[in-house]
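Reader: I have a sequence and a model open side by side. Where do I look, and how do I read what I find?

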Amino acid sequence: MIDARRLRTLRAVADHRTVTAAAAALYLTPSAVSQQLAALEHETGHRLLERGGRGVQLTPVGEILLAHANTVLAQLERAEAELAAYTSGAAGEVTVASFATGIALVLAPAIAALAGTAPGIRVRVRDAEGDESLPMVLDGRAGIAVAVEYRGAPRADDQRLSRVPLYAEPFDAVLPSGHRLADAGTGSVRVADLAGETWIGPYPGNPCHDVVVLACEYAGFQPRLEHSSDDFRAVVALAAAGAGVALVPRSALRDMDLSGVAVRPVDDVVATRRVFAAVRRGAEEHPLLRPVLEALREAAPEGAGGTDGIG
């Protein structure tokens with residue numbers, strides 16, 4: 001194995017043409033330089049230098065090795081620069097796990113902003129439902145989660161996590177266009193008015209399922225969920241086909257084909273999902289994580305609440 005330090009010595013001798021000058025440049029003694037060159041010749045099994053009246057010059061084999069030394073040493077310089085940048089927080093990689101609409105609403109804009117404010121930080125995105133992203137953070141598979149409140153989630157005061165509130169998002173009622181409440185103009189509906197309906201909603205375990213069930217429970221009934229899909233486009237399509245009614249996060253309805261349905265705001269405050277970013281407690285000041293958390297907070301819709309964990 002060729003020692004990279006000896007390659008530096010070879011290059012210094014090639015640059016300065018004498019052992020004495022190379023030693024001065026490397027802050028070594030001429031004897032130490034000579035010893036390193038002798039060891040390098042032993043490692044390669046070739047004579048690398050020729051001594052003349054005016055100093056030393058490289059042999060043809062020495063020139064070949066010098067070309068490789070330049071490549072190797074340049075790569076080592078890049079590695080040292082990247083490590084130094086990483087130490088200062090200027091460069092590195094952060095994995096963020098988020099549900100799909102969170103990616104569209106806050107994570108993608110945050111990545112765009114980071115390209116200008118912290119170009120050395122690379123964000124890797126993992127699409128994960130809200131109930132999946134927090135475990136990914138806790139077991140080290142992600143540095144940051146963009147998650148939502150759900151039954152069984154770690155509590156807000158959980159000592160394993162630190163949270164940054166991002167936004168609170170209302171759910172809208174999605175009704176077939178022929179529904180009895182579809183002609184209410186832009187007026188709101190009460191969840192209680194949908195008590196006897198067939199419902200379409202996400203599967204149990206999806207945090208949005210919990211919001212729907214909780215909103216119905218507060219309205220005094222259990223929803224009759226006959227159709228299940230975690231894809232809100234499918235939910236809307238089923239509603240348009242007259243298969244039932246649904247509560248859907250408002251951001252999920254953006255840019256969606258809503259022909260065949262009526263979308264109404266919901267009076268009930270409980271029909272809301274609260275979105276936050278989370279990191280392992282103590283990691284909120286990590287020089288790579290903090291800029292990403294701040295970018296997520298800046299990208300969140302206005303009126304998204306304060307900060308908790310990044311000061």
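Author: Look just after helix 1, where Arg-17 takes a positive phi of about 70°. Keep in mind throughout that this is a predicted model.

Reader: Which residue takes a positive phi just after helix 4?

Author: Gly-89 does, with a phi of about 85°. Tyr-27 also has a positive phi, about 55°, although it is not a glycine. Tyr-27 sits in the loop between helix 2 and helix 3. Another case is Asp-255, not a glycine either, with a positive phi of about 60°. The loop that holds Asp-255 runs between strand 9 (246-249) and strand 10 (261-265).

Reader: Does Tyr-27 count as buried or exposed? And is Asp-255 buried or exposed?

Author: The cut-off for exposed is over 50% relative accessible area, and for buried it is under 20%. Tyr-27 has 76% relative accessibility, so it counts as exposed. Asp-255 has 81%, so it counts as exposed.

Reader: Back to helix 1. How do I check the span of a helix?

Author: Compare the distance between its end C-alpha atoms with the span expected at 1.5 Å a residue, where the count is one less than the number of residues. Helix 1 covers residues 4-16, and its 13 residues should span 18 Å; the end C-alpha atoms are 18 Å apart, which agrees. Helix 4 can be read the same way: it has 29 residues and reaches 42 Å from first C-alpha to last, close to the 42 Å expected.

Reader: What caps the N-terminal end of helix 1?

Author: Asp-3 does. One of its side-chain oxygens lies 2.8 Å from the backbone nitrogen of Arg-5.

Reader: Which residues of helix 1 are buried, and what covers them?

Author: The buried residues in helix 1 are Leu-7, Thr-9, Leu-10, Ala-12, Val-13 and Ala-14. Their cover includes helix 2 (19-26), helix 3 (30-44), strand 1 (49-52), strand 2 (55-58) and helix 4 (60-88).

Reader: How do I follow one such residue in detail?

Author: Take its accessibility, then list what it touches. Thr-9, in helix 1, has 2% relative accessibility and therefore counts as buried. Leaving aside neighbours within four places in sequence, Thr-9 is in contact with Leu-26, Val-33, Gln-36 and Leu-37. Now try Leu-58, which lies in strand 2. Leu-58 has 8% relative accessibility, so it is also counted as buried. Not counting residues up to four places away in sequence, Leu-58 touches Leu-10, Ala-14, Arg-17, Leu-48, Leu-49, Glu-63 and Leu-66.

Reader: Which residues of helix 4 are buried?

Author: In helix 4 they are Gly-62, Leu-65, Leu-66, Ala-69 and Leu-73. Among the elements that cover them are helix 1, helix 3 and strand 2.

Reader: How far apart are the C-alpha atoms of Leu-58 and Val-191?

Author: They are separated by 85 Å, and the two residues are 133 residues apart along the chain.

Reader: How many helices and strands are in the protein chain?

Author: There are 9 helices and 11 strands. Strands are read by asking how they pair. Strand 7 (residues 198-201) pairs with strand 8 (residues 224-228) in the parallel sense, over 4 bridges. From strand 7 the chain crosses through helix 7 (residues 207-218) to strand 8, and this β-α-β crossover is right-handed.

Reader: Which residue in strand 8 is the bridge partner of Trp-199?

Author: It is Leu-225. Leu-225 is also touched by His-209, a residue of helix 7. At 13% relative accessibility, His-209 counts as buried.

Reader: And for the protein chain as a whole, what is the share of buried residues?

Author: Buried residues make up 43% of the 311. For contacts with a separation of 6 or more, 74% are between residues 24 or more positions apart.

Definitions and conventions:
Residues numbered from 1 in each chain as written. Predicted model: local features only at pLDDT ≥ 70, side-chain atom pairs only at ≥ 80, totals over all residues. Heavy atoms only, no water. Pairing = 2+ DSSP bridges. Helix = DSSP H or I, 4+ residues; strand = E, 2+ residues; numbered from the N terminus. Right-handed = clockwise from strand over helix to strand, strands pointing away. Buried < 20%, exposed > 50% of the residue type's maximum accessible area, 1.4 Å probe, protein only. Contact = heavy atoms within 4.5 Å. Polar contact = N/O pair within 3.5 Å; in protein donor to acceptor, adjacent residues only side chain to side chain.
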